Amino acid sequence: MIWRKDVIYSKAQSSTNLRLQEVAPADSSFRMVHAKSWTLKKHFVGYPTNSDFELKTVELPPLKDGEVLLEALYFTVDPYMRIMAKSLKEGDMMMGEQVARVVESKNAAFPPGTIVVAPSGWTTHSISNGEKLEKVLAEWPDTLPLSLALGTVGMPGLTAYFGLFDICGVKGGETVLVSAAAGAVGSVVGQIAKLKGCKVVGTAGSDEKVAWLKKHGFDVAFNYKTVKSLEEALKVAAPEGYDCYFDNVGGEFSNAVITQMKKFGRIAICGAISVYNRTGPLPPGPSPEIIIFKELHLQGFVVYRWQGEVRQKALRDLLKWVSEGKIQYHEHITEGFENMPAAFMGLLKGENLGKAIVKA
């Protein structure tokens with residue numbers, strides 16, 4: 001008789017207690033796994049709403065040779081999902097990374113118990129052939145939560161690392177401005193810049209976030225929502241202007257920043273969360289005259305261009321800095337897979353400080 005594994009979901013339990021139970025049903029000749037998945041019920045118009053998502057239960061097929069069964073431990077929600085969802089068809093599963101455990105394997109490279117980062121999307125269980133799985137660093141200490149592999153020592157941390165070093169080409173003694181500085185990417189950008197001897201100015205959308213930035217080494221931080229004049233606040237923060245601007249917000253905010261860049265200033269365009277949920281026309285772009293005569297360098301980038309050893313070195317650097325206390329982290333953790341949409345919607349409204357994580 002071949003055993004069958006069913007994923008048993010108890011309504012009385014939180015999703016943190018989801019577990020695989022061994023079942024030996026009569027006349028069973030196959031193994032069956034049920035997984036819960038959040039799908040895009042209809043495309044977003046403006047800010048996403050609960051009615052835009054649908055929770056479905058799917059049956060996974062038995063493993064084939066070379067495949068593994070994954071059980072999610074932590075999920076990430078990120079601003080890019082708001083844009084990438086446009087490429088989905090209604091009914092498709094929401095995309096995204098997760099930290100997962102291999103619970104069954106027919107792939108010698110990933111034995112049961114292996115912890116991986118997987119692009120499996122918003123689903124509790126999934127099957128992978130191993131090609132897009134990334135094992136958590138072997139030197140990961142027990143003192144750090146595995147969820148950091150989705151944050152400071154994961155995609156957001158890598159975005160900060162490569163955006164600051166490769167796109168901005170930051171040097172010690174320069175002045176760096178970071179928008180959305182209390183977010184998953186911005187908070188790492190500012191702290192790395194400080195490690196490299198820069199003056200760092202950060203902006204955020206609440207007094208709580210500003211206090212966190214000041215506590216963790218930002219030279220100047222202010223709440224852009226409460227200042228009388230953004231242009232004046234930027235000038236007071238750095239009268240000499242800015243060498244590097246790490247742009248996470250776009251829109252009118254970034255137009256104001258560009259006027260205060262130094263000659264030959266560099267701008268890393270990472271995100272534009274201020275316009276992701278707009279339903280009307282986008283705001284006009286920056287003045288071409290300023291870009292031309294200040295000879296500014298503006299470059300958009302996507303972190304996945306950096307692969308192989310350069311990516312592994314960056315991850316090791318980030319893990320080392322976190323382990324040594326040189327980079328501090330803050331996680332905004334939502335409990336329960338059923339709350340994925342709420343966590344995502346909260347992120348887009350700026351409710352999180354640091355990395356937004358959902359614990360399965």
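Accessible areas here come from the Shrake-Rupley method with a 1.4 Å probe, and for residues only the protein chains shown count as cover. On that basis the protein chain exposes about 16,400 Å², with carbon and sulfur atoms supplying 55% of it.

A quick note on what you're looking at: this is a predicted model, where local features need pLDDT of at least 70, side-chain atom pairs count only at pLDDT 80 or more, and totals for chains, interfaces and linings use all residues. Residues are numbered from 1 along each chain as its sequence is written, and side-chain values use heavy atoms, leaving out hydrogens and water.

Some whole-chain numbers:

| Property of the protein chain | Value |
|---|---|
| Radius of gyration (over C-alpha atoms) | 22 Å |
| Distance between the centres of the positive and negative sets | 2 Å |

With 360 residues, a compact globule would come out near 21 Å, so the 22 Å of the protein chain agrees; the globule rule is 2.2 Å times the number of residues to the power 0.38. Buried (under 20% relative accessible area, 1.4 Å probe, protein chains only) applies to 53% of the 360 residues.

As for secondary structure, the protein chain has 9 helices and 17 strands, which are DSSP runs numbered from the N terminus (helices H or I, at least four residues; strands E, at least two). Take strand 3 (residues 33-40): 6 of its 8 residues are buried, so it is largely enclosed by the rest of the structure. Strand 3 pairs with strand 4 (residues 53-60) in the antiparallel sense over 8 bridges, pairing being called when DSSP finds at least two bridges between two strands. W38 has L55 in strand 4 as its bridge partner.

How values were computed: Buried means under 20% relative accessible area, exposed over 50%, partly exposed in between (1.4 Å probe, protein chains only). Lys and Arg count as positive and Asp and Glu as negative; His and the chain ends are not counted. The place of a charge is taken as NZ of Lys, CZ of Arg, CG of Asp or CD of Glu.
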